[in-house]
Amino acid sequence: MTMTKGRIERAATIRFGDASLAVCEDGPGRRLDWEAAKAWERQFKRDVFHRIVQTLNRLGWTVGPNTHIFTDNNNRYCRKGDLRADLKMSGRSITFDMFQNVNAPTRPDHGGRYEHNQERLMPYVMRLEMERTRRRIRDYLRNVFTGYTFDAECRSIYRKALELTAMEQIQRHYAESSHFKGDLTKYRISDYNNRGIDGVIEHGAQVWTIDRKGRIVAGTAYYNINNMWWVRLGEYDYTNVASFEIYTKCPENVRLKRNAGLRRKSLERQLNTAIEKMNFERAAKLRDVLFPGSPQLYAVWHDDHQRYHCAGFCGYTSDKSKAGRFTADEVRGWNSAPNRVIALAAMQEAA
């Protein structure tokens, strides 16, 4: 390590991902023997990893050991309000992955750390704090180390940077696309790709769609690829949905949430938890809410995966108690290879 006018000579690239920051140094590679390589890693930890921890402390984060996952001494669990993060060092790289469980519709387990598209799901104020945190870490490291650079072009195409509006992001997608460039004078949308729920979707027209929570939201449709459309929901927010998820006219009962699937999965998770905790009174109440009249229930086994289908046929599990429960109507047509329908009479009696 050398100092240049108060700065430390180290070279690395800093990149932003989906609610994350990554520091990647060139490092010694295989040029050093084991002891020298370990000495380099210790210096890397003192120079960079510890400075990131100090920056987080100054920003009001609580940083401590990770006691549930990533438990070795090169990992930390960070928390600020409802915002969480895993700070991990491995070899020549350090990653700072932020996540939250306030809005994690598909992966609420493990605090929401495995939810897809974290930035899009974060509440607005939390997203601002996430962006502020990683920018402060980036700026501090670039001030301390002489050779630290920021790769501004390394972004997931689904990332919505706060400095860009939704329309600017959509235009970026068009610029990177080898398909449709946003100019309908040079492209014709096929009839089967612009067919919405209740009519023909027009490029640039107002439409309505359903968000992840089942709410009706209004926006402007812009063609993407095949039957997929961008829908700009506001100045900074947009989504990518299929044509069969788009209304061309305002649907009736816009205040009514279309979230039956999410409700079903949530209730089945609660039923599984109640059975695990042997709280059979609550399990019986949840069973009656989910399946009034106590119909015959079934699970669906997948021979290739050697797993059960989960609720809503979303994912698989090897634990029979966590398998999705389905009525006879819901499993009709599923009893063919590689799937097998199995009656769950014993499980129903236990619940």
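Does Asp303 count as buried, exposed or partly exposed, and at what relative accessibility? At 28% relative accessibility, Asp303 counts as partly exposed, where buried means under 20% relative accessible area, exposed over 50% and partly exposed in between, with a 1.4 Å probe and protein chains only. This is a predicted model in which local features need pLDDT of at least 70 and side-chain atom pairs count only at pLDDT 80 or more, while totals for chains, interfaces and linings use all residues. Residues are numbered from 1 along each chain as its sequence is written, and side-chain values use heavy atoms, with hydrogens and water left out.

**Salt bridges**
- The whole structure holds 20 salt bridges, each a side-chain nitrogen of Lys or Arg within 4 Å of a carboxyl oxygen of Asp or Glu.
- Asp303 pairs in this way with Arg340, their closest N and O atoms being 3.1 Å apart, and the pair links distant parts of the chain, 37 residues apart.
- Arg340, at 39% relative accessibility, also counts as partly exposed.
- Arg264 forms a salt bridge with Glu268, with closest N and O atoms 2.9 Å apart, and Glu268 counts as buried at 2% relative accessibility.

Technical notes. Helices (H or I, at least four residues) and strands (E, at least two) are DSSP runs, numbered from the N terminus.
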